[in-house]
Amino acid sequence: MRFQNTCTSAFPSGERGFILALCLVFLTATIALTLAAASLALVHLKSAGAFADILGRTLLAGEGDDAKRTSTFLGAPEGWDHIHFSSVLVETRTEGACAYSMRVMQSQPCSPILPMDLVPARSPGILVLLDDSQLMRISSGFDYEPQALYLKNAAGQIVRVSGCSEIASSLATTAGTFFRGDFGNSHERAPTGSSRTGAMSCWTFALSNVYHLLAGLDHACFGLESTSGGLRAPFSPSPGPITRVLASACPTAPEAPLAEALFRAIDRFNDPRLEPRHIVVATAGIPLSDGDLPGWLRDYDRDGDPMDTAVEGEGSHCLDDVAAYARSRGVRVHVIGPDTPLLRAAASKG
Ligand SMILES: [Ca+2]
């Protein structure tokens, strides 16, 4: 028996129907992907537009005439040459917005270092003004340090050698006699004078402190001037010349023109590389035949002291006036000596 196909439906059947369904699915997927891509592109376009708008309202808005700019100059960035480069920070303010920009600038053209440019650096100039009058032999008002070691040479000059002593009292050697400070306080007493009774003489006190100064300061140029003999050792970066002169110096001068010698010493600084400038006055603090100075200088500090004048014997008080004048010339004055009103005034005004 044979059956006749009487179906009137428009749907294909069999293999052809399957192909048609597959085409429809592919078409649907293509349309969906196209719509998704279009949507994504639209979102990106909106984001880019918003970003451009933000930039336009901030960074680019600063270019207008209404913007207020503030420039701050700074050093070179870290790791850069600070001599030849610097930087500038620019703050630009507009309505509700603030923008910053930073630029590195060239400060000055880089140039090679020529041999003629290699000049020595400046160094402090220290001129020791040593009072070499006989008054330096009298008491300074200070005793020897009990535990320190002192040396008395063949010429009778006593100087401090170190802060501690390994000998019990004294020891005679070819270099001289070493003694402890407490031994010296009993056996090496300086003559009393000017109401001072300490065992140590002004000469020992002055030289010990000058040697200590020489040993403690590096990169300084030292010179030596005496109140009686003028310049004894010119400025030198080495302490050798001044040390050799001090080793043979003796307080034998009959006069102590302290203010006159200080006035003369101010002009010893004729080398512009000596900066800053100092004069250290090592003295007994008793002007003797002093004060022969220009009239305008004798009472330079205008304190009306009647002893601001020339005096044949002791008593001239011009030292603090000359110290004040030295300071006005850029030369600082320091004092090593007994604690007296005149030396205190000289140290404070100089
Ligand atoms: Ca005065």
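**Figure 1. Burial and overall make-up of the chain.** Buried residues account for 30% of the 350 residues in the chain, where a residue is called buried if 20 or more other C-beta atoms lie within 10 Å of its own, exposed if 12 or fewer do, and partly exposed in between, with C-beta atoms placed from the backbone. The model is predicted, and local features need pLDDT of at least 70, side-chain atom pairs count only at pLDDT 80 or more, and totals for chains, interfaces and linings use all residues. Residues are numbered from 1 along each chain as its sequence is written. The secondary structure comes to 8 helices and 14 strands, and these are DSSP runs numbered from the N terminus, with helices (H or I) of at least four residues and strands (E) of at least two. Among contacts between residues at least 6 apart in sequence, 65% join residues at least 24 apart; two residues are in contact if their C-beta atoms, placed from the backbone, lie within 7 Å.

Figure 2. Between strand 1 and strand 2 (residues 85-94), the antiparallel pairing runs over 8 bridges, and Arg69 has Thr92 of strand 2 as its bridge partner.

**Figure 3. The largest nonpolar core.** This core holds 63 residues, of which Val128, Leu129, Ala206, Leu262, Ile279 and Val281 touch the most other members; a nonpolar core is a set of buried Ala, Val, Leu, Ile, Met, Phe, Trp, Tyr and Cys residues joined through C-beta atoms within 7 Å. At least three residues of the core come from each of domain 2 (123-142 + 201-349) and domain 3 (145-187), the domain bounds being taken from an automatic or database domain assignment. If residues up to four places away in sequence are not counted, Val281 touches Leu129, Leu258, Leu262, Val333, Val335 and Ala346. In soluble globular proteins, nonpolar side chains tend to be buried together.

**Figure 4. Helix 5 and its cover.** Helix 5 (residues 258-265) is largely enclosed by the rest of the structure, because 7 of its 8 residues are buried. These buried residues are Leu258, Ala259, Glu260, Ala261, Leu262, Phe263 and Ala265. What covers them includes strand 4 (123-130), strand 9 (221-226), strand 11 (274-282) and strand 12 (288-290), together with helix 6 (295-298) and helix 7 (319-328).

**Figure 5. Strand 9 and its partners.** Because 6 of the 6 residues of strand 9 are buried, this strand is largely enclosed by the rest of the structure. Cys221, Gly223 and Glu225 point one way from strand 9, whereas Phe222, Leu224 and Ser226 point the other way. Strand 4 runs parallel to strand 9 and is joined to it by 6 bridges, with Val128 standing opposite Leu224. Strand 9 also pairs with strand 10 (residues 230-236), in the antiparallel sense and over 4 bridges; here Phe222 stands opposite Ser236, and a hairpin of 3 residues joins strand 9 to strand 10.

**Figure 6. Helix 7 beside helix 8.** The axes of helix 7 and helix 8 (residues 341-349) come within 8 Å and cross at roughly 10°, the axes being lines fitted to C-alpha atoms over the stretch in contact, and angles running from 0 to 180 degrees between N-to-C directions. Helix 7 is therefore roughly parallel to helix 8, a description that applies to angles under 35 degrees. The contact is made by Leu319, Asp320, Ala323, Ala324 and Arg327 of helix 7, and by Leu342, Ala345, Ala346 and Lys349 of helix 8.

Figure 7. Tyr150 lies in strand 5 (residues 149-152) and is buried, with 25 other C-beta atoms within 10 Å. Leaving aside neighbours within four places in sequence, Tyr150 is in contact with residues including Tyr144, Ile158, Val161 and Phe179. Arg332, found in strand 14 (residues 331-336), counts as partly exposed, with 15 C-beta neighbours inside 10 Å. Arg332 and Pro276 are 56 residues apart in sequence and 8.5 Å apart in space, C-alpha to C-alpha.

Definitions and conventions: Two strands pair if DSSP finds at least two bridges between them. Angles under 35 degrees count as roughly parallel, over 145 as roughly antiparallel, 65 to 115 as roughly perpendicular and the rest as oblique.
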